[in-house]
Amino acid sequence: MVNLKIKQIKQELSYEILVIPAVVLFTIFSVLPLLGGLFLSFTDWDGLSFNFKFVGIENYINAFTVSDVFLISFEHTLFIAAVTTILFTILAIPLAVILDSKIPFTKFFRAAFFFPSVPSALVVGYMWSFMLSSSSYGFVNTILGNFGISPINWTGDPTLAFLSIIVVQLWGWTGWHAVIYIANLQSIPTEYYEAAKIDGANIIQSFKYVTLPLLTPAMSMSILFSITGAMKIYDIVYALTGGGPGTSTYVVVQAILKEGINLGKYGMANAASIVLFLVILVITLIQQKVMSRREEGMT
Amino acid sequence: MKNSLKIISSLCLTGAILFSVACGSQSNSSNTTTSSTGTQAATSTVAVEKPTTIRLLSWWPQSQMQESLDAFSKVNPNITIDFQFGQTGDPYNNLAKTQFAAGEGPDVFVIGSNWKDFQKAGYTLDIAGKPFTSNFSDTALKATNLDGKQYGIPVDSWFSGIFINKDLAEQAGVKLPFNSLDDFVAACDAFKKIGVKPLGVAGGAKSQDVWRFAYCEIFSDLYNENTTFDSDINSGKTTFAEGWTPALKNWYTLVDKGIYTSDMLGMDVAQVDAEFTTGKVAMTYGGNWSVDGWKKANPKLNITMIPWAGVKPGSTSLMAGVGMSWSVNAASKNIDSSIKWLEFMSTPEGLLPLQKKLNCGIFLKGVKYDLAPELNDALTTLADGKGFDPWAYWDNSTAVQNEGMLALQQVLSGKMKIEDVGAAMDKANKSATTK
């Protein structure tokens with residue numbers, strides 16, 4: 001018995017040793033900066049001098065009381081996270097089903113839909129800001145003009161600017177999420193579909209009662225990535241609208257940069273970052289709990 | 001005492017700008033020629049014989065700095081420069097601060113209106129008494145002088161205003177320069193009649209240009225007569241709401257007249273530049289730094305810079321100020337080599353190539369230089385002392401400017417009244433003061 005246990009430990013140890021490099025890198029580049037940020041969130045550090053003092057929870061209070069920018073930006077960020085997550089799920093699943101089926105040039109279409117997620121978000125944002133520009137050279141407005149439609153202020157109107165960010169995000173990442181679903185689809189045994197066919201299920205019923213429930217693991221992963229990505233969104237917003245007009249498309253990371261770091265209030269910036277971390281943590285814990293229950297229900 | 005110092009400082013800096021521009025020679029031809037006279041030869045206290053590498057963090061891209069860098073290498077073959085560029089504005093400041101906070105600050109770097117942040121943290125070397133500092137006018141050196149210690153050498157002076165397409169102006173029958181806001185409005189109407197967009201403004205949140213002509217209206221209406229406003233703001237004697245609102249309301253008439261439109265909020269500088277250089281837009285905001293890029297995009301572009309004219313006839317103004325300065329990192333391990341860069345940039349051989357690229361004024365004593373002829377029409381306004389940059393004197397400049405920019409964008413998108421902009425800036429000023 002003891003020999004078996006020693007053998008087991010030795011075997012597990014060999015696996016754990018392989019994980020050590022990743023753990024070390026994660027600790028250095030994620031855990032330590034997080035702890036450092038937590039420490040600094042209780043100080044009045046200006047980002048330059050090493051003379052700073054502890055201010056308790058003053059930064060946490062000031063971030064949300066001195067001005068309403070952080071509150072507004074949290075509101076916007078949560079809205080973007082909710083809307084894009086729902087829309088990614090609604091759009092990526094049917095797209096994955098189509099791309100997993102026997103259509104001509106499957107590989108080409110998979111690459112084409114995946115490609116928008118490859119360039120940097122800044123490049124994508126600047127490209128779209130030119131395309132959606134209300135200048136004489138705005139591509140979209142030029143096309144609309146050919147159909148007699150007046151120029152639309154895509155990134156200058158507060159509501160349309162928000163819509164533009166969401167549309168660009170969907171354009172950029174639906175294909176990426178579809179790839180997650182494709183991987184899951186390919187693991188669903190064909191026997192289930194055969195059995196459903198035998199029971200008289202049509203295409204829609206097969207999708208509803210076989211495909212969709214068995215996509216739960218992919219859905220869990222896709223929603224997790226969507227939420228965490230959206231909560232940290234910044235580069236696409238900066239490149240597309242700059243957070244404007246005014247604060248109408250301000251997101252949390254931007255508020256941290258503009259109201260904290262750029263004004264030398266690193267303590268407050270760290271406090272807002274810690275709050276963002278906690279919000280993301282709570283949301284993802286709830287999401288994982290809900291999805292894992294659903295997954296258990298499927299097995 | 002503090003208020004008197006602010007007034008004296010602002011007058012000195014205005015004088016410094018005028019001094020630097022007055023030294024510039026003006027050419028009526030489209031091809032400028034460079035002429036320069038030598039300045040007092042700068043001598044170094046320490047020769048650098050051992051090969052060293054210094055890291056230089058620049059405010060300007062390598063394309064603008066290359067000539068100066070190459071000339072430096074010829075004169076100082078033992079010193080290699082590791083060039084790094086930080087995008088102008090907040091990205092540069094954040095990059096510099098991050099490097100310093102990590103203990104990896106550059107050997108030489110550029111300082112601007114927030115230089116005291118670096119000085120307080122002990123990152124700027126005192127170069128008072130170094131022979132090469134005497135190559136500059138005293139008034140310009142004051143920009144980075146504190147309590148008798150000198151923390152930088154000045155690079156440039158800048159000025160900005162309205163750039164107008166002269167060919168389109170002739171086509172529309174517009175007479176230049178404008179004498180009042182009514183002239184500007186009439187010009188806009190004339191441009192609209194010939195089917196040209198009168199004004200292009202990068203009103204998007206990535207630039208501060210939504211404010212530029214609003215500032216100019218405030219300068220024309222208020223600053224031409226009130227020389228103590230900024231010191232009164234700092235001392236709490238007045239507020240932005242009280243002082244700026246009347247001028248802002250005058251500016252807002254341009255919104256009512258459809259000259260400033262909400263679609264400007266969806267445009268950035270590159271997009272406006274594309275419209276201006278291709279003749280889709282007759283007028284735009286620009287500065288001495290703009291001409292080089294515009295002429296490269298369209299060598300046939302026939303433009304001129306003119307001052308803004310306010311409501312009262314003859315009340316013209318420009319935005320103008322002392323620009324950036326070179327400084328040495330006090331914690332640099334290569335102090336002698338780093339000082340060599342400052343020494344070199346205190347000579348015409350070092351500074352004139354950069355001046356040519358930036359089309360700016362410089363503060364080297366007795367040095368003649370050319371400015372692009374497109375800037376000539378604005379120089380009289382500068383000589384009259386009507387160039388302003390009040391944010392350089394506010395105690396909480398960054399916070400106030402940020403809030404003002406957000407507020408004016410909200411006005412243009414219909415979410416805020418113009419009367420509330422001053423109050424928003426006052427709130428930001430107050431909360432930045434009570435940290």
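Tutor: On a 1 Å grid over the protein atoms alone, a cavity is a set of points where a 1.4 Å probe fits but cannot get out, whereas a pocket is an open set with protein on both sides within 12 Å along at least five of seven lines, and a lining residue is one with an atom within 4 Å of a point. Grid points are joined across faces, edges and corners, and a volume is the space filled by probe spheres set on the points. The model is a predicted one, in which local features need pLDDT of at least 70 and side-chain atom pairs count only at pLDDT 80 or more, while totals for chains, interfaces and linings use all residues. Residues are numbered from 1 along each chain as its sequence is written, chains are lettered from A and ligands numbered from 1 in the order in which they are written, and side-chain values use heavy atoms, with hydrogens and water left out.

By this rule there are two cavities of 30 Å³ or more. The largest cavity holds about 100 Å³ of space, and 14 residues line it, those nearest its centre being A:L240, B:G204, B:K206, B:L265 and B:G266. Its lining divides into five nonpolar, seven polar and two charged residues, where Ala, Val, Leu, Ile, Met, Phe, Trp, Tyr, Cys and Pro count as nonpolar, Asp, Glu, Lys and Arg as charged, and the others, Gly among them, as polar.

The second largest cavity holds about 30 Å³. Its lining is drawn from both chains, with A:G242, A:G243, A:G244, A:G246, A:Y250 and A:K258 from chain A and B:A205, B:M405 and B:L406 from chain B, and it comprises four nonpolar residues, four polar and one charged. A:G244, one of these lining residues, is joined to A:P245 by a cis peptide bond with omega of about 0 degrees. A:P245 itself sits in the loop between α11 (235-240) and α12 of chain A, helices (H or I, at least four residues) and strands (E, at least two) being DSSP runs numbered from the N terminus. Another cis peptide bond, with omega of about -5 degrees, joins B:L176 and B:P177, and B:P177 lies in the loop between α6 (166-172) and α7 (181-193) of chain B.

At least two lining residues come from each of α1 (2-40), α12 (252-261) and α13 (266-298) of chain A, with α13(A) giving the largest share, ten residues. The lining of this pocket consists of 16 nonpolar residues, seven polar and one charged.

Turning to charged pairs, the whole structure has nine salt bridges over all chains, a salt bridge being a side-chain nitrogen of Lys or Arg within 4 Å of a carboxyl oxygen of Asp or Glu. In one of them B:E275 pairs with B:K197, the closest N and O atoms lying 3.1 Å apart; this pair links distant parts of the chain, 78 residues apart, with B:E275 in helix α11 and B:K197 in strand β9 (residues 197-200) of chain B. B:E275 counts as buried because its relative accessibility is 0%, whereas B:K197, at 27%, counts as partly exposed; here buried means under 20% relative accessible area, exposed over 50% and partly exposed in between (1.4 Å probe, protein chains only). The bridge between B:D209 and B:R212 has its closest N and O atoms 2.9 Å apart, and both residues are buried. B:E343 and B:K340 meet at 3.7 Å, N to O, and are separated by about one helical turn because they stand three residues apart in helix α13 (residues 335-344) of chain B; these two residues are buried as well.

A:F105 lies between α3 (69-100) and α4 (106-114) of chain A, and B:D147 between β5 (145-146) and β6 (149-150) of chain B. A:F105 counts as exposed because its relative accessibility is 64%, and B:D147 counts as exposed at 75%.
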